[in-house]
Each structure stands twice: as structure tokens, then as C-alpha cells.
Amino acid sequence: MARLSKDDLAQMNRDYFQSLEKEGLVEVADNLHILAVEQWEKINSNSSNSSQPPSLDNPYQKSEGSRVAKEDSQSTPSSKNKLIPPPANSSKSKRKPGRQKGSKGFGRSKPLSISSIIPHYPIQCSACNQALVKTEFKPYMGHHVLELETTELGLRIVCQLHHYYQSNCSCGHQSKSQPGVGITSKIEGRTRELKLTEYVLVGSSLTSLIASLAVRYRLSRVKIREFLVDWLWVAIETKTAVFPIAPRTKEEFKHLVTSAFVGWLITDGYGAYRHKERRHRCLAHLIRKAIGIAESVNSRTARIGTLILEDLKDFIDAIKKGKTEQELERIVRSLQGVCHLAKTIKHQKLKALAREILNDWDAVVAAVNNPNLPLTNNEAERALRHAVIARRISYGTRTTEGSIAYSSLLSVIETCRLRQVNPWKYISSVIQLARQGLSPPLLPSRIVT
């Protein structure tokens, strides 16, 4: 099926659907259903069921399923398909958020000076869809809006009075024009839902200016080219961490992990890692993708995604509990068989996950012969977390010198943490020696108090 474009959708309307024969209508409906499922999966995608980073999740809305999925992907998978109830919060305050009853209110000290009146008329009867006669309209409500207006001398704020009219139709129904209501923000725990609506005091242009000024003054960099082009890497070992800032390319990775590195790499599915033989795939990444597929609208797709998810969790459980070779072989064969089946399904994400597992099979099941390997790259993910948040806030560094300084400090601080060394004392000694023109001391390998 060719993906429906904007032009394709623009040509579809009620008359078009009514003109189709039954077979053609079924095909069009099937294509629209596929598109709707794709959009639903995109809207419901988060860090617990996809490769989306946690920093893009809604920080005020953590669903129970997301919390459980995260725990499943980073802990023992024995309690699969079970929801864990949120812990009781006995110390929760009984005080409701927001303005308290009886507190002093605030209002305008003088009336607004109206510069223009904007009428809103109902176009047709909301009951019978019959066109309404404009001469019979009567105003029934209104509200003020402060808006931004462009003039020859610059910008000015004006006050608009929006009038809303009503009219009686010949069918006897009374229709009213209403302020538009947009997206509603639904967050658990709120006493009132937040709605985007036209019934506000601040107009859209003025709101846009306020938001632009706020963002503009918060920016600490004029150019953000490095933020768009460069990626932040981390190579973390039991006692050392390195944070280079560089483009995410295969050549840069080969430079970072040279042939002198003889250990095992625990990685995600990025293709630049494929040339390393001693490599183990992070199973948490695969589990998150399987969770997203198991939540699919299509029942068959969800069923196969659930089978992959269960096999991956059983594999982790078997490795951690030291199961026999026969048990491990059974789980591995089951996973491989389900992935071969998934390759035949039309669902793109399911097919992509199956191919990813099969094409990188040796790295996925490397723990069978090396049970002491970490099953996830969570150590590296945790080490990257604060740096990624800082990059999102500051939009990266401005110069190459700044990138080197920032990544060097990150590397030193994280390495000191891994070695249980006080990083501030070490950095202080480096600065002290540098001011004297002396070389910095080696990172200590023992605990410094």
C-alpha cells in the first residue's frame, strides 16, 4: 500500500465515498484504517514502548503501564503482564492546589478601552443544517481579547470585543455561535482540566509574542548548529567513562573504540557498532520496542509482539537464574521462530523488530555463552542522562574549545564517581598545578576522602 499523502486525503470527502463501489470503498477504508493505526501508535509512543528518550516523555503524566514497562525492562521479568499498583501516599496533603477559598482576589482596576468589535454569527442551524438569515441575529454574549496589531510605527496592543450572536431557525431550533474549543490537557490529579479555547483575554498573536520573548531570552547561544549536527557519545567501563562530543558516524565510533579495546561492548541497535565481534545487544531496548508492538490495535500483531516480549523476558530470567543449556536453547529457538513468523506480517514496526533481532542474532543471544555479561546498557544510559538534559536546556556548546572542555569535565567527574574518588578535590589539584605550569596528576584509582 502506498502511504496516503496530504493531497490524497484532501480529495476524500463524503461525495467521494458515496461514489465508490463496495470493493473500492472497502479498499479506501482499509487504507485509512492503516493510517489511523499508525497515527495512534505514534501518539501513544513513549520511552517505555519505543526508542524515544525519556526526556521527551510528559513529565506530569506517568501512566501505570509506562511505569510497569520500565520496571520490567530493567529488572527481573518474572512478573510479566502484571500491573503493580502505585504506592500509597499517606503523607499527601489535604490542601487543594491553586487559590484557596476565602483568599483575596484580583481584578482590573479600570475598564478596557475597546478598539474594535468582532462579530461571530452562526452559519447554519445546528439541528437541521439549514442556512440562517443574517438579519435575524441577536447578540447574547461577548468577551474582551487583548491582541497584537502591526502598525507603520511598530507593534501595539489593542482591545477587541468579540460579540457572539444567536438566531432562530424556521424549524424552531435556536442556534448560537460559540467561542472555539481546542485541545484539552488531561492530567491525573487535577481538579480542573486545562483547555485551549478562544474564550480568553490574551489573543493568539500576543500569546505568540510572549512565548517568543520568553524563549529568546532563555537562549544562551546565538547559534545552535552543533546541537542539530553533533551527538553526545559515552563509552563507560567499570572504572572509566569518556564523553566525546562528535558527529554520530561509523568513523567517529571506530576512533572512539579502537582496536586496542579487547573487552565486550554492550550497545543499542545503532549500525555503527556492527563491526565489533565481541558485542552484546541491550535487551531493554528490544523489550521496549516489543512492548509498543504488544499494545498494537491489530490483535494478530499484538499477539506476535507479546510472544516476542515474553521470550525476551524469559531469556533474561533464564540468564539471571542460571538455567540449564536445554532451557536456554528452548527459549532461543522460540524467539527465533517467532521472529521469522513476524517477518511475514504487514505491520512495519513488527517486521522491523524481527529483522533487527535476526540480523543481529549473535549479539542478541551473546549472553548464552557469556552469562556474566550485563544484559542492558543502563549504566551508559544513566551516565548520559544529566548531560543530555543539560544539552537540551543550553542547546550545546558554541565552539570546539567549549565542546572539548565540557566533555572533558564530564569524563573526569563520571570516572571519579566510578572509582569512588572525590572529583572536586581532583579537579582542584589539576587547576592548582596548571596555574604553576605543571602537568595534571593521573586520575587516582583508590578512594580519596
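Predicted model: local features only at pLDDT ≥ 70, side-chain atom pairs only at ≥ 80, totals over all residues.
Figure 1. Let us start with the sulfur atoms. With a disulfide taken as a pair of cysteine sulfur atoms within 2.5 Å, the count comes to zero. Cysteine 159 has a relative accessible area of 5%, so it is buried. Cysteine 282 is buried too, with a relative accessibility of 0%.

**Figure 2. Phenylalanine 315 and its contacts.** Here we zoom in on one residue of the core. Setting aside neighbours within four places in sequence, phenylalanine 315 is in contact with Leu283, Leu328, Ile331, Val332, Val364, Val365, Ala367 and Val368.

**Figure 3. Helix α8, buried or exposed?** Nine of the 12 residues of α8 are buried, so this helix is largely enclosed by the rest of the structure. To find the buried residues, look for Leu283, Ala284, His285, Leu286, Ile287, Arg288, Ala290, Ile291 and Ile293. The length of α8 can be checked as well: at 1.5 Å a residue, its 12 residues should span 16 Å, and the C-alpha atoms at its ends are 16 Å apart, which agrees.

**Figure 4. Lysine 351 in helix α11.** What are the surroundings of this lysine? Not counting residues up to four places away in sequence, lysine 351 touches Ala342, Lys343 and Ile345. Its relative accessible area is 18%, and because buried means under 20%, lysine 351 counts as buried. Cysteine 339 is 12 residues away from lysine 351 along the chain, and their C-alpha atoms are separated by 8.2 Å.

**Figure 5. A stacked pair of aromatic rings.** The structure holds three aromatic pairs. In one of them, the ring centres of tyrosine 121 and phenylalanine 137 are 5.0 Å apart and the planes meet at 20°, so the pair is stacked. Both residues are in the loop between β1 (116-120) and β2 (138-151), 16 residues apart. Tyrosine 121 is partly exposed, with a relative accessible area of 32%, whereas phenylalanine 137 is buried, at 12%. Together with Tyr165, Tyr121 and Phe137 form one aromatic cluster.

**Figure 6. A lysine over a tyrosine ring.** In this view, look for the ring of tyrosine 140. The charged end of lysine 176 sits over this ring, 4.8 Å from its centre.

**Figure 7. Glutamine 420, a residue with positive phi.** Most residues other than glycine have a negative phi. In glutamine 420, however, phi is near 55°. Where is glutamine 420 found? Its place is the loop between α14 (400-418) and α15 (423-435). Glutamine 420 is exposed, with a relative accessible area of 52%.

Methods
Residues numbered from 1 in each chain as written. Heavy atoms only, no water. Contact = heavy atoms within 4.5 Å. Helix = DSSP H or I, 4+ residues; strand = E, 2+ residues; numbered from the N terminus. Buried < 20%, exposed > 50% of the residue type's maximum accessible area, 1.4 Å probe, protein only. Expected span 1.5 Å × (residues − 1). Phe/Tyr/Trp six-rings, centres within 6.5 Å; stacked < 30°, edge-to-face > 60°. Lys NZ or Arg CZ within 6 Å of the ring centre and 35° of its normal.
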